[in-house]
Amino acid sequence: MIEGKKVLTGVKPTGTPHLGNYLGAIRPAIAMGEKAARHIMFIADYHAINAEKDPAVLNQKIKEVACSYLAGGLDPKKSIFYRQSDIVEIPEITTILYAYTPKGLMNKSHAYKAQVDKNREAGKPDDDGINMGLYTYPTLMAADILSFDTEVVPVGRDQVQHVEIARDIAGAINAHYGRDLLVLPEFYIDENVAVVPGVDGRKMSKSYGNVIPLFADDAAIKKAIFSIKTDSRPMEEPKDPEEILVYQIYKSIASPAELQEMGDGLRQGKLGYGHIKNMLLDRVLKEISQAREKYNYYMAHFNEVEEMLAEGAAKARPLAQQTLKRLKDAVFGR
Ligand code: TRP
């Protein structure tokens, strides 16, 4: 599905990533860079301004997300890595796409509908606090994808609709002009990507306050891991590992042999909760200590990251320029 394809991944700058982001998004995205014929990885900063209006906060979040991907092993030589706002062709292409985007399609977009639902629950007018950036979000995302002749977009379930909208818009344009001006993208859901539970058993998410931090110091990571929910059964009591939250989290990071060891220990009543928490802690630290060093380095030397992003934009822009020219030639009959 990914092999030999033109793949594009976008990430919104939402702040310091946690273990769930690392295992569920960062690591898989980096693996794409190895497999795809061409991999594009970008920071969706224009998408972020719909919600984040404080420049200092936004800037910090963009830095954090850029450094996280580099720390996780993203190789800017293998993946074209840029900031969306550095590619001026994207908003220009968005403008052309608007003319082929039915308003009704935007009305149906989940991101917009979710906000309307929230307003209704709060007894506010439907469109309270909703700006056109949020409303037309899927068209900008379509431009992100279509600008680069993307064949495959790896996504979580919540983004499937957006890729389908991009496909619909591209299809409408191709049909109107009677030729393949735009490549129809497909979404790809990797079933093997871990949805990592948080310390309370719900999906790990900053909004639930149940995260295991990634680039924090050892003490903070230890504190989070030791707060993972357990019960009061004694160590000797044989347990089904699948019922144990620590084991569930371990699953998404441990090797099969490591997992077997913890599973056997629980089934045989030879490992207590303290033991398995320490095993998880060791494994997490082993996984991230190198990445954490890199993260801290890049955060302190962000000028180097700026250079990488500029190089990425220099590679991406000529690609988007070709698409823009193709579209303008068709639209204006040149
Ligand atoms: N909407 C995506 C998210 O919220 C981010 C994104 C923006 C994106 N443009 C994209 C993802 C293009 C894939 C392709 O996670």
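What follows is a chat about the ligand site and the aromatic contacts of a predicted model.

Biologist: Which residues surround the ligand?

Modeller: Keeping in mind that this is a predicted model, the ligand is surrounded by Leu8, Gly10, Lys12, Phe42, Ala44, His47, Tyr137, Met141, Asp144, Ile145, Val153 and Gln159. By class, these shell residues divide into 7 nonpolar, 3 polar and 2 charged.

Biologist: And which side chains have a polar atom by a nitrogen atom of the ligand, say Tyr137, and at what distance?

Modeller: For Tyr137, a polar side-chain atom lies 2.6 Å from a ligand nitrogen, and for Asp144 the corresponding distance to a nitrogen atom of the ligand is 2.7 Å. Gln159 also takes part, with an N or O atom of its side chain 2.9 Å from a ligand nitrogen.

Biologist: How much of the ligand does the protein bury?

Modeller: The protein buries 89% of the 370 Å² that the ligand exposes when taken alone.

Biologist: Which elements give two or more residues to that shell?

Modeller: Those are β1, covering residues 6–11, and α8, covering residues 137–146; of the elements, α8 gives the most, with 4 residues.

Biologist: Switching to aromatics, how many pairs are there in the whole structure?

Modeller: A search of the whole structure finds 6 aromatic pairs. One of them joins Phe42 and Tyr82, whose ring centres are 5.5 Å apart and whose planes meet at 10°, so the pair is stacked.

Biologist: OK, and why does Phe215 with Tyr295 count as stacked?

Modeller: The centres of the Phe215 and Tyr295 rings are 4.1 Å apart with planes at 15°, so the pair is stacked, given that planes under 30 degrees apart count as such. Phe215 lies in the loop between β5 (186–188) and α10 (218–226), while Tyr295 is in helix α13 (residues 273–300), so the pair ties together parts that are 80 residues apart in sequence.

Biologist: Are they buried or exposed?

Modeller: Phe215 is buried, with a relative accessible area of 11%, and Tyr295 is buried as well, at 6% relative accessibility.

Biologist: Last one, which charged residues sit over a ring, and where?

Modeller: Arg202 lies over the face of Tyr208, 4.1 Å from the ring centre, and the charged end of Lys239 sits over the ring of Tyr273, at 5.4 Å from its centre.

How values were computed: Residues are numbered from 1 along each chain as its sequence is written. This is a predicted model: local features need pLDDT of at least 70, side-chain atom pairs count only at pLDDT 80 or more; totals for chains, interfaces and linings use all residues. Side-chain values use heavy atoms; hydrogens and water are left out. A residue is near a molecule or strand if one of its heavy atoms lies within 4 Å of it. A polar contact is a pair of N or O atoms within 3.5 Å; within protein, one must be able to donate a hydrogen and the other to accept it, and residues adjacent in sequence count only if both atoms are side-chain atoms. Accessible areas come from the Shrake-Rupley method with a 1.4 Å probe; for residues, only the protein chains shown count as cover. Ala, Val, Leu, Ile, Met, Phe, Trp, Tyr, Cys and Pro count as nonpolar, Asp, Glu, Lys and Arg as charged, and the others, Gly among them, as polar. Rings of Phe, Tyr and Trp (its six-membered ring) pair if their centres lie within 6.5 Å; planes under 30 degrees apart count as stacked, over 60 as edge-to-face and the rest as tilted. Buried means under 20% relative accessible area, exposed over 50%, partly exposed in between (1.4 Å probe, protein chains only). A charge sits over a ring if NZ of Lys or CZ of Arg is within 6 Å of the ring centre and within 35 degrees of the ring normal.
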